[in-house]
Protein chains: 2
Amino acid sequence: MNYRTHTCGELRETHLDQTVTLSGWVNNYRDHGGVRFIDLRDREGITQIVFHPEAADAHAVAQKLRREDVITVTGKCIVREGGENPKLATGKIEVDATEAIVLNDAANPPFIPDEAEKVGEETRLRYRYVDLRRPAMQHILKTRHRVTKITRDYFDEQGFYEVETPFLCRSTPEGARDFLVPSRLQEGEFYALPQSPQLFKQILMVGGIEKYIQIARCFRDEDPRADRQAEFTQVDMEMAFVEQEDVMSVNEGLMRRIWKDVLDIEIPNPIKRMTYADAMNDYGSDRPDLRFDMKLIDVSDLATQTDFKVFSGAVEKGGIVKAIRVPGGAKMTRKETDALAEWVKQFGAGGLPICKVEGGTIATGVAKFLMPIAEPLVERMGAEDGDLICFGVDPKPATVHRVLGELRVKLAHDLEMIDPKQAEWLWVVDFPMVEWSEDKKRWDSLHHPFTAPNDEDLDKLDSDDHDTIASIKSKAYDLVLNGSEMGGGSIRIHRPDVQSKVFKLLGIDEEEAKAKFGFLLDALNYGAPPHGGLAFGLDRTVMQLVGTSNIRDVIAFPKTQNGADLMTEAPSPVDEEQLKELNLRIQLPVKAPTA
Amino acid sequence: MNYRTHTCGELRETHLDQTVTLSGWVNNYRDHGGVRFIDLRDREGITQIVFHPEAADAHAVAQKLRREDVITVTGKCIVREGGENPKLATGKIEVDATEAIVLNDAANPPFIPDEAEKVGEETRLRYRYVDLRRPAMQHILKTRHRVTKITRDYFDEQGFYEVETPFLCRSTPEGARDFLVPSRLQEGEFYALPQSPQLFKQILMVGGIEKYIQIARCFRDEDPRADRQAEFTQVDMEMAFVEQEDVMSVNEGLMRRIWKDVLDIEIPNPIKRMTYADAMNDYGSDRPDLRFDMKLIDVSDLATQTDFKVFSGAVEKGGIVKAIRVPGGAKMTRKETDALAEWVKQFGAGGLPICKVEGGTIATGVAKFLMPIAEPLVERMGAEDGDLICFGVDPKPATVHRVLGELRVKLAHDLEMIDPKQAEWLWVVDFPMVEWSEDKKRWDSLHHPFTAPNDEDLDKLDSDDHDTIASIKSKAYDLVLNGSEMGGGSIRIHRPDVQSKVFKLLGIDEEEAKAKFGFLLDALNYGAPPHGGLAFGLDRTVMQLVGTSNIRDVIAFPKTQNGADLMTEAPSPVDEEQLKELNLRIQLPVKAPTA
């Protein structure tokens, strides 16, 4: 049969008097003066169908219709008798039905799409096929499709090849936890699902592919977190014979096109740059949100001019004192600022010294200890009456940065300082290559072990001096939007001697390097070109574009925090026979008996 | 630094006198009269670089270059002094180098790309990054990219959304064996990697997405077979509110565009149709290769007119006798036809009766038993002198079909009857919905349990009669090219009552259906539109386009038959700690001691 001549979002006055056939779901129905009205919904929109009693057969069918029934309707496109509905794109017309066929009558659904907001997310996930019918979800999936299409078109135009890398990979216990896949043919051995195609894309560069793109599913077996999914999608690219600026420029162009095409927003050209050092010093974060000010201002020198031991003592121990000016923050109550002091403790702060600005000077809080520096403090902070000044104080500068960095973001949200339409893009560059891990008593990569050091820092790789090593910069870059990391990448090491030195610096000895990354070292040995790339999170990008903070909204079939698919009820127990074929036995931990 | 102004495939006479910079791999080098010549290779081609001793620095660098070193060269584009090389697109010019920089000097590689054919496939797979540099492999990966790009463009134009379905799925032990993924958070439970997105794409249709496309990785843990990979890629599509013809037409259009764009070949419009019954009767296969004739011709009626018990006995037992005419086959030796008789036994044949056509009648082989029917036999077969006639005889018609179906394909290859440039496309339609499994003593789906029966056969679902059930046709369709199944699909069941009946027919009781497919039955219940789709194998499609019979050639990082990635050495043993977190223990089977 012919299910449709038009979609439910298509008919206009230009179609008047045409006989049309539409198919879709009954979004709603009502009766008025013996006439039945149906709002028929498909992917493209809603059209009002009217069933007059004169068309007796169709009217009889329509009388039995309930919400979410699936029907096909034929009739004439006429002017909407009850007057235009300006809320609908099809609001000037309606279809006068002469024939109606029920394709499937729906049982009373657990919820109707229009009322999805009234049910809990669990119900929506369990009956995802009902939830997906909501125009909001249709819009998200359409946007996600558009983003991927624009991305593929963009890279194709620039000569990138889409190459598929394997899902059944080698486990390299590094970084996050791998999902394992037992092998049946290789007894007692396992594959791992890829955390990213990083090594394969580098191998592709060594293989002369030169420009690679893949929209790749990645897997991390992490502990439950609200904003993470065990499987997520990244737009993954790599190029050979390029410098950092080339990679950044290509990806900026992509973002510019996506934002323009999807939201009609022009991203500044070029996007702002900031060094890692400046980002940490001024914003206490390597992904600063620039939609609001509240820079971290160093007042350590002033602090030493007071007798306030909390401040001067920290500086004497090699620490710092920094402050942020919270515009209009003086209106916060004691209870509110006390709550902030409690909140910052999770980031390692001992407390949160504050003072308010009143009558051109400081008052309340720690003001009494700071009176000797009141004037230069107010001046340096550019503070005005009604402002709040919050201090970060610690013998460890990193703690001060973290505390104030987190605090400025929280305050900006709490005090509604953010214009939701504003978008502040930023490249963070000049990352240190490594950072010292006190826990592990060794150097850790800030990005990953394949990130190239700056050319002028190559000699420092041979140093034994802590500060010299700490000063090595890498060719890494992160793209930040409104305080969220959208993507990150680097120029990779392409020389085997440099890669060996970096492994050594990271405490990966030759044997371990060979066992884990032997094929990469081999590959670098047999003619690797300079190369670099970037990956950005597709889920996060779509979240930004459609304006949701719930990652599950932008994934067709997401999992709960605990990794459960509520619709299909995965994961699930499997047959003993399946495990036997894989040479596996389940051995659950012995639980302490409950009383 | 600036690595290139042009690619190595780009320079022509229009670039003469320009100063250019190229980067790439040293494909080859030679010296002639104190001058060094380098063939520089990148993804786009090869350019000859000439190093004159007058440019002393560059010449000195060039003298040390060996194959597969990675370099950047700057120089002037000049007319090729030694005369044009017509084999190269850049053969009219060369670059007179003034500067050369070694980006990475390569160790002597295990093989050089030009000589990959000389090493075994294992070596090529272990050093895949060298193998991928071959122009043949670059061509394949580029073709694969183009096919996916064309596919995505085509479906996008028609309003399809690319939707990503999950990789961590529920295991449904049905069809092939699942790859399992142990869950850490849900103790003792497992995900399975998808064998196809079948159920999710149906759910998307119930969710109102209406047009879905995904180029999806699929996984089957099968026993080793030369032409299979544990992970493979399918182009997966589904549409709502459509009939079989709509789905076939959309996919025909795609194939037409791919073949036109990639090979400049016009696929006939429309593609031929053949019923499953005709395909089996005439070609003994549901994916007949139509590049050659040799139809299966029924001679059962003639067979009963002889005293040859082998023939008449089979017919009396309800069997059939069919024959194929092999043009020019009479030249085969006794040894060759005996070998064929041995070969067909693997398909269940007791032997292979043959005769030759000589002097307008039959001779040799079983001719002496068939003399009474010689004249009508030769006439019916349309046989000519020099032909061979091969008979299939069995009490089971299916065995006759299988034997002759396999035999005609083998003979066509052996006797070189196939024009390699010919392409014969075919839709096979009107499949039976189910077939009786003697092993399991129950009905099996010919496609899968979600395939819709023909509307006129719906009543037959309630029948108890074997022949009635066997006669149920389904809305399934397979696309065949030169005897290979390129894709297949069906209209799905969208009514829950029909789905329940089909499950029952297949011996899946209510409890089992609910446990395995409960969410699908629920979904059908809550307003499912009519829908159908198709999936085609991307690997196979690329194989056809580039003309290889080795599936590993069209996959960037393939696995061996045993599922091993020789480059990364996956799968591999994993840490005890990883298994403990997953609550698993390996328990290898006890092997019988070897003497």
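Modeller: Two strands are said to pair if DSSP finds at least two bridges between them. Helices (H or I, at least four residues) and strands (E, at least two) are DSSP runs, numbered from the N terminus. This is a predicted model, in which local features need pLDDT of at least 70, side-chain atom pairs count only at pLDDT 80 or more, and totals for chains, interfaces and linings use all residues. Residues are numbered from 1 along each chain as its sequence is written, chains are lettered from A and ligands numbered from 1 in the order in which they are written, and side-chain values use heavy atoms, with hydrogens and water left out.

Colleague: In which sense do β11(B) and β17 of chain B pair, parallel or antiparallel?

Modeller: They pair in the parallel sense, over three bridges, with β17 covering residues 425-429 of chain B. Within that pairing, Thr275(B) has Val429(B) in β17(B) as its bridge partner.

Colleague: And what is the order of the eight strands in that open sheet of chain B?

Modeller: The order is β6-β9-β10-β22-β21-β20-β17-β11 (chain B), and the pairing is mixed. At the edges are β6 (161-162) and β11 (273-275) of chain B, each of which pairs on one side only.

Colleague: Which strands of chain B does α4(B) lie across?

Modeller: Helix α4(B) lies across β6, β9 (211-219) and β10 (231-240) of chain B, and runs at about 150° to β9(B). Contact here means heavy atoms within 4.5 Å. The axes are lines fitted to C-alpha atoms, for helices over the stretch in contact, and the angles run from 0 to 180 degrees between N-to-C directions. Helix α17 (residues 538-546) of chain B runs at about 50° to β22(B), and the strands it lies across include β20 (476-481) and β21 (484-491) of chain B.

Colleague: Turning to chain A, how many bridges link β10 and β22 of chain A?

Modeller: Seven bridges link β10 (residues 231-240) and β22 (residues 531-537) of chain A, in the antiparallel sense. Glu238(A) stands opposite Gly533(A) in β22(A). Helix α7 (residues 276-283) of chain A packs on the sheet and touches β11 and β17 (425-429) of chain A, its direction making about 80° with that of β11(A).

Colleague: Now the interface. What area is buried between chain B and chain A?

Modeller: About 11,600 Å², of which carbon and sulfur atoms give 58%. Buried area is the accessible area (1.4 Å probe) that two parts lose on being put together, summed over both. In terms of residues, 129 of chain B are in contact with 129 of chain A.

Colleague: How many salt bridges are there between the two chains?

Modeller: The count between chain B and chain A is 16, a salt bridge being a side-chain nitrogen of Lys or Arg within 4 Å of a carboxyl oxygen of Asp or Glu. The side chains of Arg184(A) and Asp221(B) meet in a salt bridge at 3.1 Å, N to O. Helix α4 (residues 135-157) of chain B supplies 10 residues, the largest share of the side of chain B that touches chain A.

Colleague: Which strands of the two chains are joined by three antiparallel bridges?

Modeller: Those are β23 (residues 584-586) of chain A and β23 (residues 584-586) of chain B. Arg585(A) stands opposite Arg585(B) in β23(B).

Colleague: Finally, the backbone. Where is the cis peptide bond at Pro270(B)?

Modeller: The bond runs from Asn269(B) to Pro270(B), with omega near -5°, and Pro270(B) is found in the loop between α6 (244-263) and β11 of chain B. A cis peptide bond also joins Ala570(B) and Pro571(B), with omega about -5°. In chain A, Glu569(A) has a positive phi of about 60° although it is not a glycine.
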